Amino acid sequence: FRLKLMAEGELKDMEQFFDDLSDSFTGTEPEVHKTSVVGLFLRHMILAYNKLSFSQVYKLYTALQQYFQNEEKKNGTDENDMELTNAEELEGKMEKEELDVPLREEEVSCSGPLSQKQAEYFLSQQASLLKNDETKALTPASLQKELNNLLKFNPDFAEAHYLSYLNSLRVQDVFSSTHSLLHYFDRLILTGAESKSNGDEGYGRSLRYAALNLAALHCRFGHYQQAELALQEAIRIAQESNDHVCLQHCLSWLYILEQKIFDSCVLLEHSVNKSLHFGLPYLASLGIQSLVQQRAFAGKAASKLMDALKDSDLLHWKHSLSELIDISIAQKTAIWRLYGYSTVALQQAQTLLSMNSLEAVNVGVQQNNTESFAVVLCHLAELHAEQGYFAAASEILKHLKERFPPSSQHAQLWMLFDQKIQFERAVNDGRYHTADSLVAGITALNSIEGVYRKAIVLKAQNQMSEAHKLLQKLLIHCQKIKNTEMVISVLLSMAELYWRSSCHTIALPVLLQALALSREYSLQYLASETVLNLAFSQLILGIPEQALNILHMAIEPVLAHGAVLDKGCAMFLVAKCQVASAASYTPQKKIEALESAILNLNEAKTYFAKVDCKEQLRDVLYFQARLFHTLGRTQERNKCAMLFRQLHQELPAHGVPLINAFK
């Protein structure tokens, strides 16, 4: 009877029903005890009703009317039978719908209105998966469909808007992510979720963090002017409210924006000190990481940087910041790679991967889809490719593609490394047209790397003037943005252009400039490579003895930490210098020098074969054949000559001088 009264009456009848329910607990002898099963159920229902907004109350009332009208049409059945039939129909309908979707999404998706706790669980589960293991979360389209379904029944559900914001970030959707973020903070203010005892405080807090998050969003998409305006607004509101925590977050983002314009080391140091003062270890550690990165690019000694990272690691372990431990190890891997210690970088990468396996066993939660793991695995793939283990590098890249799908936010990392590895293989194999086709993909991901590799292709195709113009423009740009590593690489490529154009004296000051920069910025491996280029210049200028002397300084780091191709080039250069120096030796000493050169050529040949560098192999075989002929070893000479002829027929025909370019 009461149900019929509410359905056929007005909305106030349903409100009166819930008011009457509250009265049933009052009095000396209440109708229902608060602690009984029925009492607990009714109290839960009253609380849920009181939390509903006006639009939700209206939807509840219309659903009640629809339910009553449907049940009224069924004549001759009692109330219990009607409930049972309705439940069976609902189950049948749900089973039919579940058959139409894959099992994986069936387990995590939601159909129809959910209770508050069900919705909160769904949102927290998906948010956790997006953070830690994006591949196990719903696809962007499926997740957005479920969120739209939730918001249809509860438009004021702030957390659903925030997850929609995170989901839009996955596909780099600027408009949708901004729209969802603003809706999140609007709902937060309207529902009073952020309010404390003082409502104005909660309102202001939402506003300042809304502005801060909007600044972070614009910064992520490269809209730096809009980000700066939003950040200024956040700082103004935080200062008015005397919110030191928000101000420290603003200061960190201010550093990120300012470093796009100039080196703001002072800002960063101030941020770290203030974060430690206000007990914000996470923010302080991120500041230390950024400071270490900045000083690494500025050429500070590796020992000082590692000491600073050790201090940040103490913070991580003290406060159990496992995510920052991963970031710290990834940072160490990148720094050792920058300084040219690839063996140490390999150890750091393996340390992080080993830590992940231990964490999975002990805790059961694998945080293995973060940016740290993407960076480390990319370095690992490149290190394997440099050593000639292309099959292993392909397996690592395949694993990266599975772990970070193309739609994920960290996919660009492995895309760039994949293109670079393919490019190096194509150049080594002499397939310059293939290498040229890869330049567009590299440029789309990293414009500086793309332009540099375009110049390498032009140089390999003997288009010297075009390559020189491109390298000159790139050099000016890299000097402007202070990309020292690329500046040195460009200088080395320009020196090679001068050699090929027979301008050997012009190459020397360029190489000396590269050597000064590499030593100033502690880039040991680039310094060793520059010394090898200087030795080659001295060989061309007719002073091979001096070239041999400086080779002994540089060859050890190359053999210890260098790529296989660089090792081969270094050993080939040593053999050339030995042969050139032997011209002034006594006959017996000359034979010993030539024998030693042949051994070094054998080692160089092994290195070149490992990376399938056919042009360099052909040069080595030609050189060996000439040496065997000089020593009167006819059988070995004929074997080298036969192998040389086979490679010479495969590769484009051009003269093979006795002394070629260093690389």
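This is a predicted model: local features need pLDDT of at least 70, side-chain atom pairs count only at pLDDT 80 or more; totals for chains, interfaces and linings use all residues.

Tutor: By the rule used here, the count comes to 20 salt bridges, and one of them joins the side chains of Asp418 and Lys401, with N and O 3.5 Å apart. This pair links distant parts of the chain, since Asp418 lies in helix H21 (residues 411–428) and Lys401 in helix H20 (residues 390–403), 17 residues apart. Asp418 counts as buried because its relative accessibility, 12%, is under 20%, whereas Lys401, at 37%, counts as partly exposed.

Another salt bridge brings together Arg431 and Asp429, at 3.0 Å from N to O; here Arg431 is partly exposed at 36% relative accessibility, while Asp429 is buried at 17%. Salt bridges also link Arg337, Glu382, Glu386 and Lys420 in a network.

Turning to the buried lysine, Lys459 sits in helix H23 (residues 447–460) and has a relative accessibility of 9%, so that this residue counts as buried. Its side chain makes a polar contact with the side chain of Glu496, at 3.1 Å.

On the surface, finally, Glu15, Asp19, Asp23 and Glu31 gather in a patch of negative charge. Of these residues, Glu31 is found in the loop between helix H2 (11–23) and helix H3 (37–51), and Glu31 counts as exposed because its relative accessible area of 71% is over 50%.

How values were computed:
Residues are numbered from 1 along each chain as its sequence is written. Side-chain values use heavy atoms; hydrogens and water are left out. Patches are made of residues with over 30% relative accessible area and no salt bridge: like charges are joined within 9 Å, nonpolar side chains (Val, Leu, Ile, Met, Phe, Trp, Tyr) within 5 Å. Accessible areas come from the Shrake-Rupley method with a 1.4 Å probe; for residues, only the protein chains shown count as cover. A salt bridge is a side-chain nitrogen of Lys or Arg within 4 Å of a carboxyl oxygen of Asp or Glu. Lys and Arg count as positive and Asp and Glu as negative; His and the chain ends are not counted. The place of a charge is taken as NZ of Lys, CZ of Arg, CG of Asp or CD of Glu. Helices (H or I, at least four residues) and strands (E, at least two) are DSSP runs, numbered from the N terminus. Buried means under 20% relative accessible area, exposed over 50%, partly exposed in between (1.4 Å probe, protein chains only). A polar contact is a pair of N or O atoms within 3.5 Å; within protein, one must be able to donate a hydrogen and the other to accept it, and residues adjacent in sequence count only if both atoms are side-chain atoms.
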